[in-house]
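Please find below a short note for a colleague who is new to reading protein structures. The points are numbered and may be followed alongside the structure.

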Amino acid sequence: MSTQVDQKYIQYLTPDGFLSPEGQAIWNSLKADEKKNFYRWMTKIRLFDRRAVLLQRQGRIGTYAPLEGQEASQVGSALALSQEDWIFPSYREHGVGMIAGMPISQIFLYWMGRVEGCQPPEGVNLLPPYVPIATQLPHAVGAAWASQLRDETSVAVAYFGDGATSEGDFHEACNFAGVFKAPVIFFCQNNGYAISVPFSRQSASKTIAERAQAYGFPGIRVDGNDVLAVYDVMKQAVERARSGQGPTLIEAITYRKGSHTTADDATRYRPSEEVEHWVTQRDPIERLTQLLKKEKLLSPSEEKQWEEECKQQIDEEFKQAESKPPASAGHLFAHVYETLSPSEQRQLSDLQRGEQP
């Protein structure tokens, strides 16, 4: 990759399920199971997402950030990573977390407001979801720089939305990463809106990818609903970072089908015809499914069986999460201050007395 901006919209798999010549070559290099693995993960993540929305409406989990429509961006990018790599997610990367090794039950616990949902298993280099916008970007650069100083081969990936690129943290992280050639990847899922603010009102620049030029590293635009293109672009960025060539900014053009969170109403700010276009004509799972069926790699019976297996696993994982003993009210005071103030200590003592039978 050169340091010049690549403003082309990289797409290998069209919305109607056909591969470009370049895409065909990459597709042919994959094993049959690798091809089907894209589908398996995207389907599982979508079914989890739909289940989570229903659970929130039932009052069984808290406010939730849906990801439906962004499965290809998350699956394609996460499958290009290795177990040694570090992941710094926003609050919408449930799919990335699953692929990294976070149990579904713990993802549910996070959305139930439980601290256990922030604790990945041993060997899973996944940070807790970052809710403050863009604060994970400097942290990812710091982890990448540490890897570089230790002569390690791991890379760091920061996931964020288009709204995060309007924050100072984005520019500071990019500047530092560019100067020190840190092995970090900035992965932006540009779903067109920072909650209700369209990208055209966030930035005078036409793309996010072009901003990388100011910091001396490549900026790549890719169809974020094309899992094969995302996987290939991410794989190249990982190889570039691992070989000491520095950072890459990836702008994956995608769309969230639902609202920003379950506390939001996207119908108030998104035109219905725009939503209809993305839902019916740009669906990331549908285009991959068409390709797999053309190649006789997926049958209707296999689709149904996989969906049933996923639903059963998701239900079992939620039962496991819901069966956990209630959290102590003292958790409200934990992990905030090293030493509580006298006022906070009195409040904690009052809570603890109230919890006693």
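**Notes on the structure**

Glu68 and Lys257 are both buried.

1. This pair belongs to a predicted model. The side chains of Glu68 and Lys257 form a salt bridge, with N and O 3.8 Å apart. Glu68 sits in the loop between H2 and H3, and Lys257 in the loop between strand S8 (248–253) and helix H9 (272–281), 189 residues apart.

2. Glu68 also meets Arg46 in a salt bridge (3.7 Å, N to O). Here Arg46 lies in helix H2 (residues 32–57), 22 residues apart from Glu68. Arg46 counts as buried because its relative accessibility is 8%, under the 20% limit. A network of salt bridges links Arg46, Arg50, Glu68, Glu71, Lys257 and Asp283.

3. A further salt bridge joins Arg221 and Glu251, whose closest N and O atoms are 3.3 Å apart. It connects strand S7 (residues 219–223), which holds Arg221, with strand S8, which holds Glu251. Arg221 is buried at 17% relative accessibility, and Glu251 is buried at 1%. The count of salt bridges comes to 19.

4. The largest nonpolar core has 70 residues, and Trp27, Phe108, Tyr159, Met234 and Leu288 touch the most other members. Helix H8 (residues 227–242) contributes the most to this core, with 10 residues. Beyond its neighbours within four places in sequence, Trp27 contacts several residues, including Phe38, Leu228 and Leu288.

5. Phe180, found in helix H7 (residues 168–180), counts as partly exposed because its relative accessibility is 35%.

Technical notes. Residues are numbered from 1 along each chain as its sequence is written. This is a predicted model: local features need pLDDT of at least 70, side-chain atom pairs count only at pLDDT 80 or more; totals for chains, interfaces and linings use all residues. Side-chain values use heavy atoms; hydrogens and water are left out. A nonpolar core is a set of buried Ala, Val, Leu, Ile, Met, Phe, Trp, Tyr and Cys residues joined through side-chain atoms within 4.5 Å. Buried means under 20% relative accessible area, exposed over 50%, partly exposed in between (1.4 Å probe, protein chains only). Helices (H or I, at least four residues) and strands (E, at least two) are DSSP runs, numbered from the N terminus. Contact means heavy atoms within 4.5 Å. A salt bridge is a side-chain nitrogen of Lys or Arg within 4 Å of a carboxyl oxygen of Asp or Glu.
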